[in-house]
Structure formats: C-alpha cells, structure tokens
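Work through the exercises below with the sequence and the model open. Each task is followed by a solution in steps.

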Amino acid sequence: MQLYGHPFSSYTQKALIALYENDTPFEFLKLSPDSPEVYAEFARRWPIRKFPLLVDGGRQVMEATSIIEYLDTHHPGPVRLIPADSDAAVDVRMLDRFFDNYVSTPQQKFVYNRLRPEADRDSHGVKEARAMLDTAYAWLDGHMAAREWAAGDTFTLADCAAAPALFYADWTHAIGEQFLNVHAYRARLLQRPSFARCVEGGRPHRHLFPLGAPDRD
Ligand SMILES: N[C@@H](CCC(=O)N[C@@H](CS)C(=O)NCC(=O)O)C(=O)O
C-alpha cells in the first residue's frame with residue numbers, strides 16, 4: 001500500500017495513526033515541492049487534491065475516515081479501530097464526525113484564512129470558527145468526564161480523528177484552562193505511541209505552521 005500525504009498534515013496523521021497502531025506495512029509518498037512527480041500523480045489520481053490518499057493495488061481510497069475504515073476491513077490488525085458491534089460503531093463514527101466537523105474544520109479555517117492575501121481574509125468566518133471551537137471544547141469536556149478514549153475504554157477511529165484535531169486546535173485557539181478533561185485527553189493522545197510518532201514526524205516541519213507553532217508539545 002502507498003499513502004500520499006505530508007507528515008505535518010493533520011488528516012495525514014489521522015490515517016498514519018491507524019497504520020502505526022497495527023504496524024501495517026505501507027510506503028509513504030511525501031507530497032513536497034522536492035518531488036513534483038509524486039504530487040502530479042497524486043493530483044491525477046484525486047483532482048480534489050486533499051490528502052491523505054491511500055492506494056492499495058487497483059483500489060484507491062480518499063478521505064482519512066474512509067482510509068481507516070478500509071484498513072480495518074481489508075488489513076485488520078490486533079487494534080480494531082471500528083468496533084465489531086454495529087451499535088458501538090455508530091458512536092465511534094458519530095464522534096469521528098464531531099472531531100472532523102467541529103474541531104478540525106474550524107481549526108483549518110484559521111490556517112487557510114492566514115494563508116490568503118490580506119485583502120481576501122474572512123474575519124467573520126474566523127470569528128465563527130473561534131465560537132465553534134469554544135462550543136466544541138465545552139461539549140467535549142463534559143463528554144470526556146468519564147471516558148479514557150472518545151468512545152469509551154478502547155482507542156478507536158474517533159481517537160485517530162481527535163489526536164491531530166486537538167493537537168493543532170490548541171495551538172490555533174487555546175483550549176480554555178477550565179476544560180480539564182479536554183486537556184487530560186489531549187495529553188493522553190500525545191502519549192499514545194502511534195500519535196507520538198506522528199508528532200515526531202511532523203516536528204521538522206513546524207516552521208510551516210502559518211500561525212506560528214508554540215514552543216511546546
Ligand atoms: N476531508 C478530508 C480533509 C483532508 C484535508 O483537509 N487535508 C489537508 C491537509 S491536512 C489538505 O489536503 N490541504 C491541502 C489543500 O487544501 O490544498 C479528509 O478527511 O481526508
């Protein structure tokens with residue numbers, strides 16, 4: 001299998017966590033200006049040009065969530081990231097949507113806004129994104145009060161989504177000090193070996209963070 005992505009990209013890390021959790025063999029195809037031919041093949045395969053993208057022989061899978069679903073179906077390992085119980089899986093998928101839609105998406109709004117020319121910036125959109133993050137942090141704090149991982153006792157797809165989402169969201173718009181459960185969860189995610197490996201992989205690229213990476217984590 002081949003995974004197209006970038007080590008500093010949150011959604012690439014989401015897929016990498018799943019691969020690392022089960023020690024699944026794959027080749028990483030880094031999207032970088034140094035390898036225009038890799039990017040050209042990626043863009044040919046997926047004109048939407050959002051990464052990661054997984055290629056497995058004749059099959060290609062877009063979207064980090066779908067990549068994790070695909071791995072769990074076709075290359076399962078000891079760590080099952082989607083529960084076999086279909087009702088438990090509903091919760092996992094619901095929480096995966098929460099982290100993508102209400103943490104990652106507003107976080108990316110800040111980043112993409114900063115990358116725009118000053119005259120094209122969207123201050124109203126950023127204000128809305130900030131409010132969304134605050135609401136998401138508050139909801140998550142209550143949700144995590146009695147949980148180790150997002151969907152309960154075991155590490156799942158939802159935690160693969162949560163780890164990079166909360167990692168970068170806290171850099172972008174700090175999680176309030178009062179949200180102790182969210183801070184504790186983020187710290188647990190940072191200690192998880194699969195995500196710790198992603199953080200190390202991204203470390204040399206911190207200068208790319210458009211909002212300025214803090215000197216921590
Ligand atoms: N919905 C996609 C989102 C992927 C995404 O936003 N990827 C970012 C990197 S973290 C990207 O491709 N950015 C490049 C761009 O927007 O041009 C997924 O879940 O995989």
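**Exercise 1.** Which residues of the largest nonpolar core touch the most other members?

Solution. The model is predicted. Step one: the largest nonpolar core holds 55 residues. Step two: within this core, the most other members are touched by F99, V103, L166, Y185 and L189. Step three: at least two core residues come from each of helix 1 (10-21), helix 3 (64-74), helix 4 (86-115), helix 5 (123-143), helix 6 (157-172), helix 7 (180-191) and helix 8 (193-202). Step four: helix 6 contributes the most, namely 12 residues. Step five: another core, of 8 residues, lies apart from this one and includes Y4, L31, W46 and L53.

**Exercise 2.** List what L189 is in contact with, leaving aside its neighbours within four places in sequence.

Solution. The partners of L189 are W149, F155, D159, A162, A163, L166 and F195.

**Exercise 3.** How are helix 6 and helix 7 oriented to each other, roughly parallel or roughly perpendicular?

Solution. Step one: the two axes, of helix 6 and helix 7, come within 9 Å and cross at roughly 115 degrees. Step two: angles of 65 to 115 degrees count as roughly perpendicular, and helix 6 and helix 7 are therefore placed in that class. Step three: their crossing is left-handed. Step four: helix 6 makes the contact through A158, D159, A162, A163, L166, F167, D170 and W171, and helix 7 through V182, H183, Y185, R186, L189 and L190. Step five: sorted by type, the residues of this contact are 10 nonpolar, 1 polar and 3 charged.

How values were computed: Residues numbered from 1 in each chain as written. Predicted model: local features only at pLDDT ≥ 70, side-chain atom pairs only at ≥ 80, totals over all residues. Heavy atoms only, no water. Core = buried A, V, L, I, M, F, W, Y, C linked by side-chain atoms within 4.5 Å. Buried < 20%, exposed > 50% of the residue type's maximum accessible area, 1.4 Å probe, protein only. Helix = DSSP H or I, 4+ residues; strand = E, 2+ residues; numbered from the N terminus. Contact = heavy atoms within 4.5 Å. Axes fitted to C-alpha atoms, helices over the stretch in contact; angles between N-to-C directions. Parallel < 35°, antiparallel > 145°, perpendicular 65-115°, else oblique. Left-handed = near helix turned anticlockwise from the far one by under 90°. Nonpolar A, V, L, I, M, F, W, Y, C, P; charged D, E, K, R; others polar.
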